[in-house]
Amino acid sequence: MFSNQSHVGRDYELSLRSNRSKHSSLFCRPERLYVHPHPLLLLIIDGCFIALWRTYPPTSNYGHLPALHKAPILDLQWSLFSPLLYTVSADHTLIYTDLTTGSRARKLRAHRGIINALDRTIAGGAGVELVATAADDGCVHVWEGGDEGSKEPVATFEVGCPVTSVCWSADGSTVYAGALDNEIHVCLLSFFLHLYLLTVFDEKVYDLRKQAEVYALTGHTDTPTSLSLSPNGNFLLSPSFSSNTLIHDVRPFAPSPSRVHRVLTGAPAGFENTLLRAAWSRDDGGGRVAVGGADRMVCVWEAESGKILYKVCF
């Protein structure tokens, strides 16, 4: 099973239709499917509507979240340690939703432009969940996760052009941001966001002494559309509008100066300029990668050889 995002196959889509509840009439063509780390739940977006399904028979629709945002939802992530769902939208907001009650826990006016992507991590050494958001205003903001936190970002990176994708490193110390300048900017939080607890005042203070771009990953000839880190944290997968998908080596000491590990072809981007998603397989430790294409198919490669294994039509 591929992590985080994948598209629905036609047979499985028919299965969902046959088991849908009376509240899920919008599922004539679901837009995206996100799989929870625990394989009991999945979630489909249709504009501003989110529905929760069980992945195993009878594949029942046990919950729905209508009208979370005023504009289409562009990305979402499950919280890593709490029953929260993080969503971003074209209405410039970041919303935390409590999935146990279905109610909105927090709403943040996160950016001045359309928010294209978000990712979350557990900050190394601090044990705090952090959420990174990327938007058309050229900024990447880092927010404290959970239902209690500041309304102001704990860190901000100015990229200088619209940012289309964002991803955390495995240790939570680095943010990767794909932007309209065809580069993937690598921004370092050098101190791992050390958390100091002031027991007298019961406050959380973040030391943000260094927020700097370390280097940029090049190789794309057009805008990267999404970013996905391999399960071992060593490689970064990024499709682009050029219809080429690159695998970058993000280890501290890479053998190639360009850090381009593989170039994958076979998933056309099309002329619609849709932000296509990519994912790594989990059951084999990242031996396969998948990208959705404008040809209405999901292309699956063997990561090491770059060979196309199969395509899934939907």
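What share of the 314 residues of the protein count as buried? The share comes to 52%, with buried meaning under 20% relative accessible area, exposed over 50%, and partly exposed in between (1.4 Å probe, protein chains only). This is a predicted model, in which local features need pLDDT of at least 70, side-chain atom pairs count only at pLDDT 80 or more, and totals for chains, interfaces and linings use all residues. Residues are numbered from 1 along each chain as its sequence is written, and side-chain values use heavy atoms, leaving out hydrogens and water.

As for the overall make-up, the protein has 1 helix and 27 strands, taken as DSSP runs numbered from the N terminus (helices are H or I, at least four residues; strands are E, at least two). Take the contacts (heavy atoms within 4.5 Å) between residues at least 6 apart in sequence: 44% of them join residues at least 24 apart.

F81 sits in the loop between strand 6 (73-78) and strand 7 (84-89), and F81 counts as exposed because its relative accessible area is 52%.

Then there are the cysteines. A disulfide is a covalent bond between the sulfur atoms of two cysteines. Searching the whole structure for disulfides (cysteine sulfur atoms within 2.5 Å) turns up 0. C167 has 4% relative accessibility, so it counts as buried, while C48, at 25%, counts as partly exposed.
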